[in-house]
Every structure is written in structure tokens, then in C-alpha cells.
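Trainee: Could we go through this one together? I'd like to know what stands behind each label we put on it.

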Amino acid sequence: MKSARKKPTKSLEHQIREECGQACANPSCREWSTATHELHHIDQDRSNTVKSNLILLCASCHSKEQAGVISVSDVMVWKRRAEAGALPPPKGSRPAYGPSVHNNYGVAA
């Protein structure tokens, strides 16, 4: 039986989005398309809503992970890279809102 979904706080969601650079964490994807981004529970436990278990994926990559096309071990590597700030730069256009400098840690440019 699946556990009950526990919605992450807005603060935690913001932290995950910042950690992933506001883009899909898949290094082969890295799309900015924020309208399609989803928080993914790495261990598949939707009640385990802690920072170390969440990653930002676009809808396409999230669906591929759910279907088994993308492995859990790949997602875990992406999470470690996101935590280390080692994901490649995002692809596509920067969203019209948000910080003008990527990973500025709250410092205005």
C-alpha cells in the first residue's frame, strides 16, 4: 500500500528548485520550462518529504523515471551533483522571473 503523500513546504520546494538551478536535474535534459517541473521523491515514498529525498525533474524526465526508463541510481547521482552544485548549466531560455544571476546565493549582482 502506498503511503500518504506529504506535501513539502513552500520553503523546502524553493530550496530544491534553487539546488537544481531552477531546471530539470537530469544532466542530459536541464530544461528551464518551469511550468512542467515536478518534485520527485527519490525513494518513491511520497511521505518522505525531506530535502535529501527530493529532486526537481521536468514532467518528461519524471515520467521516464516512473516508467523505469531512467534508473533510481541515475537520479541519486543527479541529486549528489545538485547538492555539490555540479549540474551542467540549464538549456533553453531563462524564466522571465526570478534571480538574474544563477546560484548567487541571495547576493545581488
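What follows is a talk about the labels used for this predicted model.

Trainee: Let's start with the overall layout. What elements are there, and in which order do they run?

Mentor: The protein has 3 helices and 2 strands. Going from the N terminus, the order is α-β-β-α-α.

Trainee: And how much of the protein counts as buried?

Mentor: Of its 109 residues, 39% are buried. The accessible surface is about 6,500 Å², and carbon and sulfur atoms hold 55% of that.

Trainee: Take Lys 79, then. Why is Lys 79 called buried?

Mentor: Buried means under 20% relative accessible area. Lys 79 comes in at 3%, so the label applies. Lys 79 sits in helix H3, and beyond its neighbours up to four places away in sequence it touches Ile 16, Glu 19, Ile 42, Lys 51, Ser 52, Leu 54 and Ile 55.

Trainee: Glu 19 is on that list. What makes the pair of Glu 19 and Lys 79 a salt bridge?

Mentor: The cut-off is a Lys or Arg side-chain nitrogen within 4 Å of a carboxyl oxygen of Asp or Glu. For Glu 19 and Lys 79 the N to O distance is 2.5 Å, a salt bridge. The pair links distant parts of the chain, with Glu 19 in helix H1 and Lys 79 in helix H3, 60 residues apart. Both Glu 19 and Lys 79 are buried.

Trainee: How many salt bridges does the structure hold?

Mentor: There are 2. Arg 17 and Glu 13 form one of them, at 3.2 Å from N to O. Here both partners belong to helix H1, 4 residues apart, or about one turn of the helix.

Trainee: Are Arg 17 and Glu 13 buried or exposed?

Mentor: Set each value against the 20% limit. Arg 17 has 17% relative accessibility, so it counts as buried. Glu 13 has 16%, so it is buried too.

Trainee: How do you know that the buried residues of H1 are on the same side?

Mentor: The buried ones in H1 are Leu 12, Glu 13, Ile 16, Arg 17 and Glu 19. They span an arc of only 165° around the axis, so they fall on the same side of H1. As background, an α-helix has 3.6 residues a turn, so residues three or four places apart point the same way. The buried residues of H1 pack against E1, E2 and H3.

Trainee: What makes E1 and E2 a pair?

Mentor: Two strands pair if there are at least two bridges between them. E1 and E2 have 5 bridges, in the antiparallel sense. One example is Glu 38, whose bridge partner in E2 is Leu 57.

Trainee: And why is E1 described as largely enclosed?

Mentor: Because 4 of its 5 residues are buried, E1 is largely enclosed by the rest of the structure.

Trainee: Which residues have the most contacts inside the largest nonpolar core?

Mentor: Ala 25, Ile 55, Leu 57, Cys 61 and Trp 78, in a core of 19 residues. H1, E2 and H3 are the elements that give two or more residues to this core. E2 gives the most, with 5 residues.

Trainee: What does Ile 55 touch?

Mentor: Leaving aside neighbours within four places in sequence, the contacts of Ile 55 include Ile 16, Cys 20, Ala 25, Leu 39, Val 75, Trp 78 and Lys 79.

Trainee: Ala 82 is in helix H3 as well. Why is Ala 82 called buried?

Mentor: Its relative accessible area is 4%, under the 20% limit, so Ala 82 is buried. With neighbours within four places left out, Ala 82 is in contact with Glu 19, Cys 20 and Leu 87.

Trainee: Now the loops. What is the phi of Gln 22, and what of Gln 44?

Mentor: Gln 22 has a positive phi of about 65° although it is not a glycine, and Gln 44 has a positive phi near 70°. Gln 22 lies in the loop between H1 and E1, while Gln 44 lies in the loop between E1 and E2.

Trainee: How do their labels come out, buried or partly exposed?

Mentor: Gln 22 has 18% relative accessible area, under 20%, so it is buried. Gln 44 has 40%, which lies between 20% and 50%, so it is partly exposed.

Terms used
Residues numbered from 1 in each chain as written. Predicted model: local features only at pLDDT ≥ 70, side-chain atom pairs only at ≥ 80, totals over all residues. Heavy atoms only, no water. Buried < 20%, exposed > 50% of the residue type's maximum accessible area, 1.4 Å probe, protein only. Areas by Shrake-Rupley, 256 points an atom, 1.4 Å probe, with all protein chains shown as cover. Contact = heavy atoms within 4.5 Å. Core = buried A, V, L, I, M, F, W, Y, C linked by side-chain atoms within 4.5 Å. Arc of directions from axis to C-beta.
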